[in-house]
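Reader: I would like to learn how to read sheets and helix packing in a model. Where do we begin?

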Amino acid sequence: MKYSFLIPVYNRPDEVDELLESLAAQSRRDFEVVVVEDGSAVTCEDVCERYKDRLEIQYHKKANSGPGMTRNYAAERARGEWLVILDSDCVLPPNYLEEIEKELSREDSDAFGGPDRAHPDFTPVQKAISYAMTSFFTTGGIRGGKKKLDKFYPRSFNMGIRAKEYARLGGFTKMRFGEDIDFSTRIFEAGLRCRLFPEAWVWHKRRTDLWKFFKQVHNSGIARINLTILHPGTLKVVHTLPAVATVLAALMLIGCFVCPYISTIFLLWALLIFADATVQNKNVKVGAIAVAASAVQITGYGTGFIRTAVKRYVFGGKEFEAFKNNFYK
């Protein structure tokens, strides 16, 4: 068997149903699916059972330990040559595995990652959040864009690695945020061949409202400092820009810093986001929400980054996470 899909799940049976339906529609069939319930109160066992005649599927339950440890649990039981890691809130186009095969035939690799997109059926908020996480004007294109300010690191919503290399690296750590970037960094540090497969994309739902989105990106800002301490030299200018923008915006709001040039830059940036998101989605409402989502993305990440930098570098604190009890929510 060539591929094993590893899917950690927590209280998301409806999303798993959509993901399994998309897997059942794959044009290639040389794969299995390993679903692991990470301490869910509402399980997807019945959902998985319905696909037993359409997919080669394993279903497991375990106590809650976070996504990284759950992926390791799945990897220990997988039988494929390649482990493909997905989030449960993803949906795959029918040619997903075909695109992976094309890339592997073109140039061999030990690991890979793919980008994500918003499905036409997503809500305006989901489309706006997707834009905020993937646009060059918000994240610098580092999550799989054609133009980027830093090299591409595979993320856990869409990444693959040879099973033997996964085992050699020891899989994921116990980190609950940033664990995928830690894993990707260790892939590069080990000298493995890792590439972006631009056409092996997934539809990724992400969060469904701006407060949940804020919690997610706030922890991403926290994780960036934790990752920098774990992997010295990995912090890049693009990672610091949200913190700089957050500080400038805060000073301007409280009247401590008044600069018409900075104000103009913020306004032009908002207009650019509105226009670009509107054109991409062909929807003015999505464009308007994208401005708010992009502001949340910048300030959520920026405040997490600043908070952790002060706590760890100034006060010598240890690694931590915010909203830990609501990790999946």
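Author: We begin with an open sheet of 7 strands, in the order E3-E2-E1-E4-E8-E6-E9, with mixed pairing. Strands, of at least two residues (E), and helices, of at least four (H or I), are DSSP runs numbered from the N terminus. Two strands pair if DSSP finds at least two bridges between them. This is a predicted model, where local features need pLDDT of at least 70 and side-chain atom pairs count only at pLDDT 80 or more, while totals for chains, interfaces and linings use all residues. Residues are numbered from 1 along each chain as its sequence is written, and side-chain values use heavy atoms, leaving out hydrogens and water.

Reader: Which strands stand at the edges of this sheet?

Author: Strand E3 (57-62) and strand E9 (194-196) do. Each has a single partner strand, so one side of each is left without a neighbour in the sheet. On average, neighbouring strands are turned by 20 degrees against each other, direction ignored.

Reader: Which helix packs on the sheet and touches E1?

Author: Contact means heavy atoms within 4.5 Å. Axes are lines fitted to C-alpha atoms, for helices over the stretch in contact; angles run from 0 to 180 degrees between N-to-C directions. Here, helix H1 (residues 13-24) touches strand E1 (3-9), strand E2 (31-38), E3 and strand E4 (82-86). The direction of H1 makes about 170 degrees with that of E1. Helix H8 (residues 179-189) lies across E6, strand E8 (158-162) and E9, at about 40 degrees to E8.

Reader: Are the residues of E4 buried or exposed?

Author: Buried means under 20% relative accessible area, exposed over 50%, partly exposed in between (1.4 Å probe, protein chains only). In E4, 5 of the 5 residues are buried, so E4 is largely enclosed by the rest of the structure. Trp-82, Val-84 and Leu-86 cover one side, and Leu-83 and Ile-85 the other. E8 also has 5 of its 5 residues buried. Asn-158, Gly-160 and Arg-162 point one way from E8, Met-159 and Ile-161 the other way.

Reader: In what sense does E4 pair with E1, and in what sense with E8?

Author: E1 and E4 are parallel, over 4 bridges. Leu-6 has Ile-85 as its bridge partner in E4. E4 and E8 are antiparallel, over 5 bridges. Leu-86 is partnered by Asn-158 in E8, and Val-84 stands opposite Gly-160.

Reader: How is a packed helix pair described?

Author: By the angle between the axes and the distance between them. The axes of helix H10 (residues 237-253) and helix H11 (residues 260-281) come within 11 Å and cross at roughly 115 degrees. Ala-245, Leu-248, Ala-249 and Met-252 of H10 meet Ile-262, Ser-263 and Phe-266 of H11.

Reader: What is the order of the strands in the 3-strand sheet?

Author: The order is E5-E10-E7, in an open sheet with mixed pairing. Strand E5 (90-91) and strand E7 (116-117) are the edges, each pairing on one side only. E5 and strand E10 (residues 202-204) run antiparallel, joined by 2 bridges. In E10, His-204 is the bridge partner of Cys-90.
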